[in-house]
Amino acid sequence: MGQFDWFSSIGATPQAVAVLNDQPILFTILLVVLVTITLQIVLIWYIHFATRKPEQMKKKTDDKKKKGGGDNKAAAPGARK
């Protein structure tokens, strides 16, 4: 029984489990690479978010204008406000 025998329950081949039991550093390297890639994605997203130009930002709309506070020409004739 090796340290990585639980991999066989998630579909790993016996050869893959044997390699991981023989060289556990490979699993550590895999985890480090995945964490590093995730951190790079978050950093790239943050740089993109922080350096947007004003015209790329979502416009804030006034809620009073949306609630029908003005002349609504598209309303049906005789409809109440």
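Helices (H or I, at least four residues) and strands (E, at least two) are DSSP runs, numbered from the N terminus. The model here is predicted, so local features need pLDDT of at least 70 and side-chain atom pairs pLDDT 80 or more, while totals for chains, interfaces and linings use all residues. Residues are numbered from 1 along each chain as its sequence is written, and side-chain values use heavy atoms, without hydrogens and water.

**Exercise 1.** Work out which pattern the chain follows along the sequence.

*Solution.* Start by counting: there are three helices and zero strands. Now read along the sequence, and you get α-α-α.

**Exercise 2.** Find the residues of the largest nonpolar core.

*Solution.* First, the rule: a core is a set of buried (under 20% relative accessible area, 1.4 Å probe, protein chains only) Ala, Val, Leu, Ile, Met, Phe, Trp, Tyr and Cys residues joined through side-chain atoms within 4.5 Å. Next, the members: Phe4, Phe7, Val17, Leu20 and Phe27, five in all. Then zoom in on Phe7: leaving out residues up to four places away in sequence, Phe7 touches Ala12, Val17, Leu20 and Phe27 (heavy atoms within 4.5 Å). Last, a check on the whole chain: 6% of its 81 residues count as buried.

**Exercise 3.** Decide whether Ile25 is buried or exposed.

*Solution.* Step two is its relative accessible area, 53%. Exposed means over 50%, with partly exposed between the two cut-offs, so Ile25 is exposed.

**Exercise 4.** Say which helix gives the most to the nonpolar patch.

*Solution.* Helix H2 (residues 25–50) does, with six residues.
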